[in-house]
Amino acid sequence: MSELLEDHGEYVWVRPQNNSSEFAVPFGARIVRTEKTKTLICDDHKKQLWVTAEDIVKAMHLTSRGDVEDMITLGDLQEYTILRNLENRYSKKLIYTYTGSMLVAINPYQILPIYTHHDVQQYRNKRLHDLPPHIFAISDNAFQQLQRHQANQCIVISGESGAGKTESTKLILQYLSTISGKQSWIEQQIIKANPIMEAFGNAKTMRNDNSSRFGKYIDIRFTEQGSIQGAKIEQYLLEKSRIVFQSTGERNYHIFYSMLAGLTQPELQRLMIREQSPSKYRYLAQGGCYTLEGKSDAEEFAEIRCAMKMLSFASDEMWNIFSLLAAILHLGNLQFRATEVSNLETVEVDDTQNLDCVAKLLGINVSSLNLALTQRTIYVHGEHVVTSLSKDVAFEGRDAFVKALYNAIFVRIVRRINETLDKDASKTLNTIGVLDIFGFENFETNSFEQLCINYANENLQQFFVRHIFKMEQAEYQNEDINWQHIEFHDNQEILDLIGMKPVNIMSLIDEESKFPKGTDQTLLEKLHVQHGNRSIYVKGKTTQTSLFGIRHYAGVVMYNPLGFLEKNRDSFSTDLRAIVKNSKNKYLVDIFPKELPMDTAKKQPTLSVKFRNSLELLMRTLSSAHPFFIRCIKPNESKEPNNFDKDLCVRQLRYSGMMETARIRRAGYPIRHTYREFVERYRLLVPKIGQLDKCDCKQVAQQICKTSLPVSPDLQFGRTKIFLRDDEDTSLEKERSRIILHSIITIQRGFRRVIFQRYQQKYQAAVITVQRFWRGRLARSKYLIMQQGFHRLGACIAAQQLTHKFIMVRSRIIKLQALSRGYLLRQQFRANLAAERLKKAEEKERKAKQRRSLQLEAEQQLMQQEQKLREQESQLREQEKIRQQEKESERHLAMERNAAAMAALHQPKRTKSLKYTEANGRGGNDIVANNNSYIDVESSKQIVDDVFGFLNDEADVSGPLGPNVKEKSQMFERELRLRKDIPTKLLSRPVNYYEAAPRKIINQTRL
Ligand SMILES: Nc1ncnc2c1ncn2[C@@H]1O[C@H](COP(=O)(O)OP(=O)(O)O)[C@@H](O)[C@H]1O
Ligand SMILES: [Mg+2]
């Protein structure tokens, strides 16, 4: 959601938030949401923040919303619009942007793939704005201009230290050497001059690992055919103080470290260098930094030697240079001891070993060197007066000598390179000059060097402003335009103050340097007196009373005059100069300029004079050439890619004077068109203009202005162009937009009608088609549904019929089955029953058989028993006969006695008889004895029946008689029950087949 809002809000400029820096400028943002008193904005880094309505400066011009390749085309040309444009482009890795013909280059701090051979070919012979901004486009344009107009060109590269000036210079040289024809030796030599210059003139600083500590102007000479013929290098203001002092984290010039790392042992011995580590040399150790990241000093030394060879440096010459560098290192380690002679402070060298080395290397007598380092000869009234130095002064004198010596070596090397590169100097050829010079500087403490550098920049600024103004002016003159009223502010006043008008600051410094009693303080007083009341001169406030300031084009810079005079004198002791002059080392003698005689020493040119002279020469050279400007910008102090520090960039934009272009343009008529272009653009403001070829465009333009602009507009009609101010341009644009808008609406209306009609027809046809299809589909689907319904109904009916039929059939079948099953079961039952009956009959038969056999057996047994019993009976009868006979008498008697009584009382009964018998069981003898009654035949038979009657029954007699018979009877009964043949009622009472029927004693027979 928030992303959506970020992409859709209105663009506005917002006042800087919580930033009190003088370089804080409004920033671009999009409105996300507005509430009553505050607005939520989203800046270019997608950061959202609330701001008040007052913080919103204004709506952003359309041209500032994205980014433009040429900032002149920005509708709103301001510091902050320039900044945002640069930032937007930088974030897309587009480091180059134009401002007119000026190129702004932002240091990418990374290798970009935009310098390939393909890129070189692409930019060849193209106009400046044909392709995206590029340093190759500027180089190619300079080359084209040189060839087309046979005129000198110059490319001025400026910017802070580390902004990319030197890299840009190298890129230009490489481009020019590539396009200028075949790669010849001279082109290689020009390219190879760079490593030598950088080794002797570049050093590591906190801002740049390869900072050029001098300014240079390389003039490349081209033949008429456009091939490189030679080159000339001019150097400015080498930073000499670096040789004797480096701040923490910084290094001395690269050459010292490379030399120590790259020289062979014998070479080192020859130079009396015992220690290879830079930390052992005072002049190299002060910064505490000895190596460079990603760089090998030894390899660099080999490269330097190779480049020197390519540039025709003889080995002797190279050796002489290394000897002098070694002498500087030994001089740095030289120790002095303070002494006292006749109450006067004196000094003596406390290090004979180093002194010897220095003397040998410089080709000077040791004692002379010793004296020159510890004494000073001055000229008083034409006489030589020798004075002893104090220890501090001795050190200062040594350092001054070293500085002068190194500077002389550097100057000599540049001269030597020039001798090689610029062999045919007498021939006048067209040149392209490339100026790589330090930009405007404003540090915490600004010294004499800063004054010189800023003076040079003021000159360049004026050159730049004049060029732009001159171009403007030339344009106005060409067009016969009255340009007198255009106000033009240049910095001439500042230039006059510093170095042009009489009693300027430089001349005062010069004067004071030559004045024996002149000090830095007296200089300051003189400056205050001379310029104190000028608006561009600033006196130090109460806290900075020892400072003076100048209101430069890029802001106020406060200078500290301490050391100004000494630096300006730029000389070393006359004693040392004298012994150097007489040195056996010819190279040493040769590198020092032929000085004026000793007594005229005061009239020697000071540094400011020399600098001003070379600057003047440079400005003359530049002025005689057609200039191109490249402004290098350092995006951050930490040398990081993709990091854009806005404050830092604003400061550089101000210091580079980039706003001048916009200012000058706005001072005159910033908008201009050729008549034809103008008419083409605004012809719709007046009706009926025929073909442009057939009409007078100037007249039409006048007519357009007359009808569309208010009375007496501020504009001018030139010969080929019309010149407008912003207001007129805005009015014309507004009117044009209004008419165009109206026309657009009319055209749109017509078009929309036609389009809509077509659309409607198509739509209608489409709708009908769709409807047709839909209706067909609907009918088909309905029919299908109906068809399905019929099918379903038929199916239902058929199903019902079938079900009914089925039920009928089923019921019949079930009935049939039931009957069949009943029949079958009955059949089976009958069969079973018959079988059962048969089985029973058989069983019965079998049992009957058994019974019969048993009966037979029993009969036989009975017969046997009967037989036995008869026998026994007969025996017993016999016995009884005997006993009866014995007792006959007695019984007969008794019986006779009782017979009457007994017969009256008792009817003899079988049961009684039985009981009597039973009772007789216990006391049978008694009973029998007492019952002389007899058992009749019937009773006997009854008894026999009782005993053996069961034999006539159908009872099972197969088993043992007692229990078996019972079991069988029960079984039989069960069967009967099952068979249900016999009414259950009858069976409910168990039949005791063994229950004897009550015996009826028919006859009492006597056994
Ligand atoms: N166009 C570029 N592409 C890649 N790196 C660059 C470019 N310009 C500058 N640099 C980097 O910035 C450093 C400083 O550039 P340099 O030209 O030495 O700055 P200056 O001469 O302005 O002090 C270089 O060493 C290099 O690493
Ligand atoms: Mg540089």
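**The chain as a whole**

What percentage of the 1007 residues in the chain do buried residues make up?

Solution. The model is predicted, so local features are taken only where pLDDT is at least 70 and side-chain atom pairs only at pLDDT 80 or more, while totals for chains, interfaces and linings use all residues, and side-chain values use heavy atoms, with hydrogens and water left out. Residues are numbered from 1 along each chain as its sequence is written, and chains are lettered from A and ligands numbered from 1 in the order in which they are written. Begin with the term: a residue is buried under 20% relative accessible area, exposed over 50% and partly exposed in between, with a 1.4 Å probe and protein chains only. By this criterion, 43% of the 1007 residues are buried. Next, take contacts, meaning heavy atoms within 4.5 Å: of those in the chain with a separation of 6 or more, 67% are between residues 24 or more positions apart. Finally, assign secondary structure as DSSP runs numbered from the N terminus, with helices (H or I) of at least four residues and strands (E) of at least two; the chain then comes to 33 helices and 24 strands.

**The annotated binding site and the magnesium ion**

Which residues coordinate the magnesium ion (ligand 2), and through which atoms?

Solution. Start from the record: an unreviewed UniProt entry lists Gly159, Glu160, Ser161, Gly162, Ala163, Gly164, Lys165 and Thr166 under "binding site", in the numbering used here and with a shortened feature name, though such annotations may be inferred rather than shown by experiment. Of these residues, Gly159 and Glu160 are included in the lining of the largest cavity; a cavity is a set of points, on a 1 Å grid over the protein atoms alone, where a 1.4 Å probe fits but cannot get out, and lining residues have an atom within 4 Å of a point.

Then place two of the listed residues. Gly164 sits in the loop between strand E8 (153–158) and helix H6 (165–179), is buried at a relative accessible area of 16%, and touches Asn107 and Cys632 when residues up to four places away in sequence are not counted. Thr166 belongs to helix H6 and, at 11% relative accessibility, is likewise buried; leaving aside neighbours within four places in sequence, Thr166 contacts Glu198, Ser212, Lys216 and Asp436.

Thr166 (OG1) and Ser212 (OG) coordinate the magnesium ion at 1.9 to 2.1 Å. The two residues link distant parts of the chain, 46 residues apart, with Thr166 in helix H6 and Ser212 in strand E10 (residues 211–212). Ser212 is buried, at 15%. Donors here are N, O and S atoms within 2.8 Å of the metal (3.2 Å for Na, K and Ca), and sites may look incomplete because water is not among the atoms.

In what order do the seven strands of the open sheet run, and which of them stand at the edges?

Solution. Two strands pair if DSSP finds at least two bridges between them. The order is E6-E7-E21-E8-E17-E11-E12, with mixed pairing. Strand E6 (96–99) and strand E12 (228–236) are at the edges, each having a single partner strand, so one side of each lacks a neighbour in the sheet. From one strand to the next, the twist averages 20°, where axes are lines fitted to C-alpha atoms (for helices, over the stretch in contact) and angles run from 0 to 180 degrees between N-to-C directions. Helix H24 (residues 607–623) lies across E8, E11, E12 and strand E17 (430–436), at about 40° to E11.

**Strand E1**

Which residues of strand E1 are buried on each of its faces?

Solution. In E1 (residues 11–14), Tyr11 and Trp13 are buried on one side and Val12 and Val14 on the other, which leaves both faces covered. E1 runs antiparallel to strand E2 (residues 27–34), joined by four bridges, with Tyr11 opposite Arg30. E1 also pairs with strand E5 (residues 56–59) in the antiparallel sense over three bridges, where Ile56 is the bridge partner of Val14.

Note on methods. 1 Å grid on protein atoms, 1.4 Å probe; cavity = no way out; pocket = protein on both sides within 12 Å on 5 of 7 lines; lining within 4 Å.
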